[in-house]
Amino acid sequence: MDATVGATFGCAVLAAAGTGVLVGRCIRIPRIDIIAWAGAVAAIAVSLGAQALGAYNGYTSGTFRAVQVGAQLIAPLWLAWGMVELGGKTISARFGAKLITAALTVVGAVVLITDPLAVVAFGKTWPPGSVHYQLIPKYVLEAIAGVTVLTVLVMLLVAAVRLRRDPQWRRPLIALAGAGVAAVAILGLRLSLPANLAYPALCAVCAVLASLAGVTAVKVRLDELYGEVPAGRGARPAASQSDDYADDRMYFAAAARRMGNGDGQLRGDEDWHRLDRGRSNGEYPPAGRYQPDGGHGMNGLGNGDRGHRSQEDEEYPSGPVGPENGDYQRDEAADRLSDADRTAAWQPRTLGRGAGAAGQNPAAAGPDTQASDRAVTQRLYGLIAIYTLAEDRTDEFDALAERVVEDVRMHEPDALVYAVHSVPNAPMQRIFYEVYRDQTAYEEHKRHPYIHQFDVERAKFVLATNVIELGTQQAKVSPLPGLSQLFGHTAGE
């Protein structure tokens, strides 16, 4: 067997292996950019197979067209499409890339497959498209090359600019650079290379670069990159928008244990996609409010099913407690927090009931004062942000949180509460509880540079983010001159 044939066949096997790697990633984590790059590498593998046949038996019209469609149409065009899917932050940019790619792929394939070839005999040497194609196919290949080069340059420039402002664009830029080099390099098949073996070697290098780009890109969190939180990963599922966080966290912990994660934590994109697929297949019911009345589904955790009740559940029963008039109720979102937080969760239901601030009874206040208090209360704006941290990164996140809390304390008098909680039963989670004087105070809070810096730096430590906006209806708020005074400590102690 000729050395060129053996080497070309080996390159085809290498490209097929790269296709298998990317397809495996697509099965576990379906993403358009990885799918596009898997299709590009598969097209290169088909082209290399056709080149091996041509080097062995001599090129024919069929093998020539297979090379051109695979390596000169689909491969560069789909590599450029995948770059837009990864680096394009707007939905319109990604949708436009889909339309352009689909149109050029269909039109280009029809032209390259059906257009008559020039009357030039084939041999066992590489058949350049400029020799065997006539005018229209040449224009199509020129258009494909122009679109590819332009897209690569724009996406690399955009990613480089974003990297200067946001360090989390480092890995996407690496993936984009690999795919971009592969897309431009494979266009070199249109040139006259010095050796017949140079063409399959160039295809193999491009296939390897595209495969490495896909493997790198799959580690990128697109929700954080685009500033979005897709449902099922950090965002609250649509079926449980009104449910308490404690219920959702129990649901996700049960899902994680069913996946084999004994600590009750969902890890990375793969676990979240398994959960999403399980929901769509009916294996995992949507997250909902859990009740102690048995049921079905995920280890006894389905809609209306709490599953096993713990001793803690018996000590703190759900529902209204206290006097028959229901003055006090339990905050179920805190029933898995620390004892101090749980104690603080038993709050008066209205300003007109229970003990008031500084030992006074608000019920004794006049109607004008109570109406004013209600108006102020309803202007309050709050949120709960739940962060699920990566393993072994809790200390770094806690140090970052300590700095941002100090900054808020020093510069934001209208941030009435800005507290960071740990969760004893979930050591990899941190809960931010925030209350602002009104919506305007919250918008001002987001504009501070230290908040922007916190959002950028925390991305390295956080696997999932869950943000719940709060609107206050009733509240009992005590004046807190200082935590040390509140708990009976003086400054000198």
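Reader: How many cavities of 30 Å³ or more are there?
Author: Two cavities of 30 Å³ or more are counted. A cavity is a set of points on a 1 Å grid over the protein atoms alone where a 1.4 Å probe fits but cannot get out. The model is predicted, so local features need pLDDT of at least 70 and side-chain atom pairs pLDDT 80 or more, while totals for chains, interfaces and linings use all residues. Residues are numbered from 1 along each chain as its sequence is written, and side-chain values use heavy atoms, leaving out hydrogens and water.

Reader: How much space lies in the second largest cavity?
Author: About 40 Å³, where a volume is the space filled by probe spheres set on the grid points, joined across faces, edges and corners.

Reader: And which residues line the second largest cavity?
Author: Thr4, Thr8, Gln51, Ala55, Tyr59, Trp126, Asn196 and Pro200; a lining residue has an atom within 4 Å of a point. Helices α1 (3–28) and α2 (32–57) each supply at least two residues of this lining. Helices here are DSSP runs of H or I with at least four residues, and strands are runs of E with at least two, numbered from the N terminus.

Reader: Different topic. Which residues of α4 are buried?
Author: Arg94, Ala97, Thr101, Thr105, Gly108, Ala109, Val111 and Leu112. Buried means under 20% relative accessible area, with a 1.4 Å probe and protein chains only.

Reader: What covers the buried residues of α4?
Author: The cover includes α3 (61–87), α6 (135–165) and α9 (222–226), with contact meaning heavy atoms within 4.5 Å.

Reader: How many aromatic pairs are there?
Author: The count is 13. Rings of Phe, Tyr and Trp (its six-membered ring) pair if their centres lie within 6.5 Å; planes under 30 degrees apart are stacked, over 60 edge-to-face and the rest tilted.

Reader: Where do Tyr381 and Tyr442 sit?
Author: Tyr381 is in strand β3 (residues 381–389) and Tyr442 in helix α16 (residues 439–446), 61 residues apart. Tyr381 is buried at 10% relative accessibility, and Tyr442 is buried at 13%.

Reader: What about Tyr387 and Phe454?
Author: Their ring centres are 6.4 Å apart and their planes at 75°, so that pair is edge-to-face. Tyr387 is in strand β3 and Phe454 in helix α17 (residues 449–458), 67 residues apart.

Reader: Which residues form one aromatic cluster?
Author: Tyr387, Phe397, Tyr418, Phe432 and Phe454.

How values were computed:
On a 1 Å grid over the protein atoms alone, a cavity is a set of points where a 1.4 Å probe fits but cannot get out, and a pocket is an open set with protein on both sides within 12 Å along at least five of seven lines; lining residues have an atom within 4 Å of a point. Buried means under 20% relative accessible area, exposed over 50%, partly exposed in between (1.4 Å probe, protein chains only).
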